[in-house]
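Hi,

Here is the structure I promised to pass on to you. My notes on what turned up in it follow below.

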Amino acid sequence: RYAEYAASYLEKRGISPELISFCISTGRMYESNPYHNVVFVGFDKQGKARFACQRGIYDTRFHGDVNGSDKHYSFALPVNPQNSTVHLFESAIDLLSYATLCKLDGGDWRQHNLLSLAGVYQPKKVIEESKLPAALTQYLEDYPHIKTVALHLDNDGPGRLAAKAIQTILPKEYEVKNRPPPWGKDVNDYLCHRLGIPIQKP
């Protein structure tokens with residue numbers, strides 16, 4: 001499906017055109033009609049679409065899950081069975097920003113395992129009573145070769161709390177690396193900063 005508005009919006013946020021094309025061609029992203037929202041799609045291990053979230057591309061802040069979405073299968077890029085680390089992000093745009101940063105640094109984003117959480121993860125007041133985000137739980141169950149979880153959550157109160165909670169309750173057989181963006185609120189802010197382009201909000 002043609003996604004001119006969605007692609008233009010993501011390019012303004014610094015996302016690599018190669019990644020945008022890949023996501024469109026594999027059904028991971030499309031543009032809704034008639035509102036031109038970007039829709040990010042998540043698949044299960046068998047390749048069936050199980051999740052979709054929309055994000056508005058205009059000045060009005062709009063995002064939300066499509067009816068019937070299963071948060072266990074959030075937006076992700078294809079799994080690399082040779083890599084035992086999964087990189088975790090709050091949003092699809094942060095995930096794509098990280099993949100773009102890999103390209104900027106001369107790396108290959110296809111070598112990484114990248115998973116988004118479809119929004120801010122909110123632990124319980126008593127952190128030890130919290131459950132892991134559904135998408136991460138499912139991912140670790142589906143891909144037992146994963147041994148390390150790298151957290152790239154936002155540099156704000158909710159993001160830091162979420163990182164602390166995941167570090168606290170993740171089973172001890174996993175190594176956790178806390179890797180918040182080195183500049184700005186989120187990974188996309190840092191990418192825009194690296195590229196010298198205006199930070200796009202919302």
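This is a predicted model: local features need pLDDT of at least 70, side-chain atom pairs count only at pLDDT 80 or more; totals for chains, interfaces and linings use all residues.

Proline 34 sits in the loop that links β1 (29-31) to β2 (38-43). The peptide bond between asparagine 33 and proline 34 is cis, with omega at about 10°. Most peptide bonds are trans, and most residues other than glycine have a negative phi. In one of the pairings, glutamate 31 has valine 38 of β2 as its bridge partner. β2 is also joined to strand β3 (residues 49-55), by six bridges, and these two strands run antiparallel. There, phenylalanine 43 is the bridge partner of alanine 49 in β3. The β2 and β3 hairpin has five residues between its strands, and glycine 47 takes a positive phi near 85°. As for burial, five of the six residues of β2 are buried, which leaves the strand mostly covered.

Now to the parallel sheet. In what order do the strands of the open sheet run? The order is β6-β5-β7-β8, four strands with parallel pairing. β6 (113-116) and β8 (175-178) are the edge strands; each has a single partner, so one side of each has no neighbour in the sheet. From one strand to the next, the twist averages 25°.

Here is how the pairings look inside that sheet:

- β5 (residues 85-89) and β7 (residues 148-151) run parallel and are joined by four bridges.
- Valine 86 has valine 149 in β7 as its bridge partner, and histidine 87 stands opposite alanine 150 in β7.
- β7 pairs with β8 in the parallel sense, over four bridges.
- Threonine 148 stands opposite glutamate 175 in β8.

β7 is covered on both faces: Thr148 and Ala150 are buried on one side, and Val149 and Leu151 are buried on the other.

Setting aside neighbours within four places in sequence, glutamate 175 is in contact with Lys147, Thr148 and Val149. Glutamate 175 and alanine 150 are 25 residues apart along the chain, and their C-alpha atoms are separated by 8.4 Å.

On to the helices. α3 lies across β5 and β6 and runs at about 155° to β6. Alanine 92 belongs to this helix. With a relative accessible area of 6%, which is under the 20% cut-off, alanine 92 is buried. Not counting residues up to four places away in sequence, alanine 92 touches Phe40, Phe75 and Ser116. Alanine 92 and valine 66 are 26 residues apart in sequence, with 15 Å between their C-alpha atoms.

Finally, the helix pair. Two packed helices are described by the angle between their axes and the distance between those axes. How do α2 and α3 pack? Helix α2 (residues 17-25) and helix α3 (residues 92-104) pack at an angle of about 130°, and their axes are 9 Å apart. That angle lies between 115 and 145 degrees, so α2 and α3 are oblique to each other. The crossing of α2 past α3 is right-handed. From α2, the residues that meet the other helix are Glu18, Leu19 and Cys23; from α3, they are Leu96, Ala99, Thr100 and Lys103. By type, the residues of this contact divide into four nonpolar, one polar and two charged.

That is what I have for now. Happy to talk any of it through.

Best wishes

Definitions and conventions. Residues are numbered from 1 along each chain as its sequence is written. Side-chain values use heavy atoms; hydrogens and water are left out. Axes are lines fitted to C-alpha atoms, for helices over the stretch in contact, and angles run from 0 to 180 degrees between N-to-C directions. Angles under 35 degrees count as roughly parallel, over 145 as roughly antiparallel, 65 to 115 as roughly perpendicular and the rest as oblique. A crossing is left-handed if the near helix is turned anticlockwise from the far one by less than a right angle, and right-handed if clockwise. Contact means heavy atoms within 4.5 Å. Ala, Val, Leu, Ile, Met, Phe, Trp, Tyr, Cys and Pro count as nonpolar, Asp, Glu, Lys and Arg as charged, and the others, Gly among them, as polar. Two strands pair if DSSP finds at least two bridges between them. Buried means under 20% relative accessible area, exposed over 50%, partly exposed in between (1.4 Å probe, protein chains only).
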